[in-house]
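Keep the 3D view open as you read.

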Amino acid sequence: MSTSLMKSRRFAPLFWTQFLSAFNDNFLKNTLIFLVLFQVGAVGVDAGTNGVVIALAGAVFIAPFLFLSALGGELADRFDKSKLAQMTKLVEIGGAGLAVIGMALSSLPVLFAALFIFGAMSALFSPVKYGLLPDHLKTEELPRANAWVEAGTFLAILGGTISAGLLFSAGSPAILFAPVMMALAVGCYLSSRQIPSTPAAAPTLKINKNIVTSTWRILSDLAADKRLFRTSLMNGWFWMIGALVLSILPLIVSDLLGGNETAVTFFLTIFAVSIGVGSALAAWISAGRVILLPAPVGAALLALFSFDASLVLIGLPVPVPTVGLVDFLQQEGVVRLSLDLAGLAIAGALIVVPTFTALQTWASSESRARRIAGSNALAAMMMTIGGLALAGAQKLGLSVSSIMMTLAGLNALVAVAMLKFLPTNPMRDAISILYRAVFRMEVKGLEHLEKAGDAPILALNHVSFLDAGLALTLTDKAPTFAVDYEIAKRWWVRPFLKLANALPINPAKPMATRSLIKVVKSGEPMVIFPEGRLTVTGTLMKVYDGAAMVADKTGAMIVPIRIDGLEKTPFSYLNPNQIRKRLFPKVRVTIMEPKQLELPEDLKGRKRRTAAGSELYQVMSDLMFETSLADNNTILDQVIATAKDRGLSALALED
């Protein structure tokens with residue numbers, strides 16, 4: 001599925017637009033940094049001034065995100081996002097031309113001006129980028145798409161840095177700079193033209209041209225939604241820590257380890273590759289629903305690796321200048337710092353991928369770009385404050401090891417705060433991760449839950465005692481479970497009932513139905529196993545009328561959900577003669593379109609109850625049939641594809 005995203009027009013043009021744009025941003029930024037470190041710094045500028053200039057470069061690029069994100073969000077909701085992408089990338093061609101002039105003149109002010117233009121266009125493009133993904137992709141595809149974007153962004157950072165390093169090692173940076181800079185800008189614009197158009201999410205929205213009041217309003221609107229605001233704070237924390245680490249990395253290499261441009265590139269390679277690894281891990285963990293537990297875990301890991309890095313830096317001897325990468329790797333502390341940097345990158349990805357997915361999923365479609373813009377503005381504020389604090393600390397002479405120790409303490413505190421104020425339930429997140437890790441659970445049709453309203457009835461086939469735990473992982477809002485009262489009495493079931501809103505009932509008694517109706521009418525989602533008991537045949541068992549009456553009396557939407565795989569575990573009633581048992585079979589969950597029972601108005605009493613039960617049985621039967629048919633078609637497609645690869649006649653197989 002991930003590779004299919006990269007081949008799809010729904011995603012690939014946006015990915016390459018972002019990749020080339022980030023590449024160009026960082027090519028320019030690192031060219032400026034290398035110019036300061038290895039040319040300007042070589043003629044007598046002190047290390048403290050170098051640190052200030054490097055931190056200032058980061059601040060110049062990030063500052064536009066603070067005061068232009070609101071405008072970008074409003075524009076993205078008001079107009080076609082693909083057209084806005086094209087406009088921003090067209091302006092970047094002009095910025096690239098200005099950068100070429102600045103490099104030819106070796107003018108830091110002109111290069112800073114070009115960097116500001118790229119930062120401004122990135123600020124306007126970011127709400128477009130993250131707002132487009134939910135427009136073109138399914139909900140279950142968002143974690144993978146975000147992982148690709150984040151991994152691609154940091155690989156672009158790596159590419160931009162390597163290119164800048166090669167530029168200076170070649171000896172004629174000004175001559176080579178121009179064609180690379182312009183080619184990247186033009187390629188980025190051409191990629192943006194391939195992004196599919198989208199209708200305006202809020203075509204009547206009035207654009208606030210006052211960037212101060214619009215920024216304040218967009219931050220206020222974000223703060224009004226506590227769930228989105230907390231998620232944005234977590235997301236912003238990653239960007240702030242990442243910016244600080246990348247800002248001091250060149251100083252660690254040049255001043256404490258005696259390395260050159262190649263050594264900086266080596267560390268950035270580790271960081272970029274590790275971000276990719278961490279993003280893939282975060283996307284894999286998050287498949288199926290919004291899960292934010294990885295964020296506080298990531299913050300705790302940031303504290304651990306920052307602390308270890310500070311210990312390494314404290315014990316470093318006076319650096320010996322190195323020429324080649326082999327000599328640099330033999331320096332004391334380099335290998336351990338490399339592992340710490342990799343850990344920091346992986347930990348950061350555990351924060352950023354789930355939080356971006358949550359922002360995209362939870363924000364309404366008509367205001368999604370503005371919410372993302374608000375999150376960007378908040379992150380920019382945190383990064384700007386962090387960058388200025390870093391510049392001040394370096395100007396005052398605070399050592400890099402002390403800075404890393406401070407970051408370790410701050411990350412530890414933030415990890416505790418994240419866990420305490422996590423917008424999702426940590427226990428449910430942990431259960432979801434467990435099912436994902438142990439059973440490689442895949443969920444299809446997650447977008448159908450959004451169509452069912454706030455209080456749907458989730459109707460699942462019942463194949464094992466593990467079904468309830470699986471159902472708990474499907475929704476963001478904690479559902480109430482209808483549990484057979486006999487099963488609820490069992491000693492090993494009672495602890496699990498405390499993890500959810502459990503309602504023990506007797507399916508054969510009318511009072512049970514009334515209890516369920518009361519729950520649904522209160523606005524809570526309900527999980528029901530219409531069969532009332534585990535299957536002993538592997539197929540659909542008798543469906544109790546009570547579950548159907550709940551849907552009929554409340555008018556709630558029924559979401560049919562099929563579980564495949566858990567019946568193969570030892571926790572089902574099927575015996576080995578019926579099915580091959582395994583401890584950890586692969587589990588697939590298929591969520592179908594929500595449906596509403598439609599019964600004649602003249603049906604009353606027992607007849608209505610029987611008719612409702614029959615219709616629910618038909619709904620569940622259709623679920624089993626349609627998902628089985630889809631599975632068979634998938635298998636047939638795979639067989640035909642394999643036949644084509646081997647040169648066989650696909651037509652004969654299809655016949």
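A cavity here is a set of grid points where a 1.4 Å probe fits but cannot get out, and its volume is the space filled by probe spheres set on those points. Please keep in mind that this is a predicted model.

**Enclosed spaces**

How many cavities of 30 Å³ or more are there? The count comes to five. The largest cavity holds about 830 Å³ of space. Its lining is made up of 43 residues, and those closest to its centre are Phe61, Ile62, Ile157, Trp239 and Met383. Several helices supply at least two lining residues each, among them H2 (12-40), H3 (47-78), H5 (108-136), H6 (142-169) and H14 (368-395). Helix H9 gives the most to this lining, with 10 residues. By class, the lining of the largest cavity divides into 25 nonpolar, 15 polar and three charged residues.

The second largest cavity has a volume of about 120 Å³. Helix H9 turns up here too: H9, H11 (294-314) and H13 (334-362) each supply at least two residues of the lining of this second cavity. Residues to look for around it include Val245, Ile248, Phe267, Leu313, Leu341 and Met404. Its lining has 11 nonpolar residues, no polar ones and one charged residue. Asp340 is on the list of lining residues, and Asp counts as charged.

**A covered strand**

Now move along to strand S2 (residues 457-460). Are its faces covered or open? Both are covered: Ile457 and Ala459 on one side are buried, and so are Leu458 and Leu460 on the other. In a regular strand the side chains alternate between the two faces of the sheet. Strand S2 has two partners to trace. It runs parallel to S5 (residues 526-528), joined by three bridges, with Leu458 opposite Val527. It also runs parallel to S6 (residues 558-564), joined by four bridges, and there Ile457 stands opposite Ile558.

**Charged pairs**

The model has nine salt bridges. Three of them are set out below.

| Salt bridge | N to O distance |
|---|---|
| Lys81 and Asp135 | 3.1 Å |
| Arg368 and Asp135 | 3.4 Å |
| Lys586 and Glu442 | 3.0 Å |

The salt bridge between Lys81 and Asp135 links distant parts of the chain, with Lys81 in helix H4 (residues 81-104) and Asp135 in helix H5, 54 residues apart. Lys81 counts as buried because its relative accessible area is 3%, under the 20% cut-off. Asp135 has a relative accessibility of 33%, so this residue counts as partly exposed.

The salt bridge between Arg368 and Asp135 joins helix H14 to helix H5, across 233 residues. With 10% relative accessibility, Arg368 counts as buried.

Finally, the salt bridge between Lys586 and Glu442 connects the loop between S6 and S7 (588-591) to strand S1 (residues 442-444), and these partners are 144 residues apart. Lys586 is partly exposed at 23% relative accessible area, and Glu442 is partly exposed at 33%.

Technical notes. Residues are numbered from 1 along each chain as its sequence is written. This is a predicted model: local features need pLDDT of at least 70, side-chain atom pairs count only at pLDDT 80 or more; totals for chains, interfaces and linings use all residues. Side-chain values use heavy atoms; hydrogens and water are left out. Buried means under 20% relative accessible area, exposed over 50%, partly exposed in between (1.4 Å probe, protein chains only). Two strands pair if DSSP finds at least two bridges between them. On a 1 Å grid over the protein atoms alone, a cavity is a set of points where a 1.4 Å probe fits but cannot get out, and a pocket is an open set with protein on both sides within 12 Å along at least five of seven lines; lining residues have an atom within 4 Å of a point. A salt bridge is a side-chain nitrogen of Lys or Arg within 4 Å of a carboxyl oxygen of Asp or Glu.
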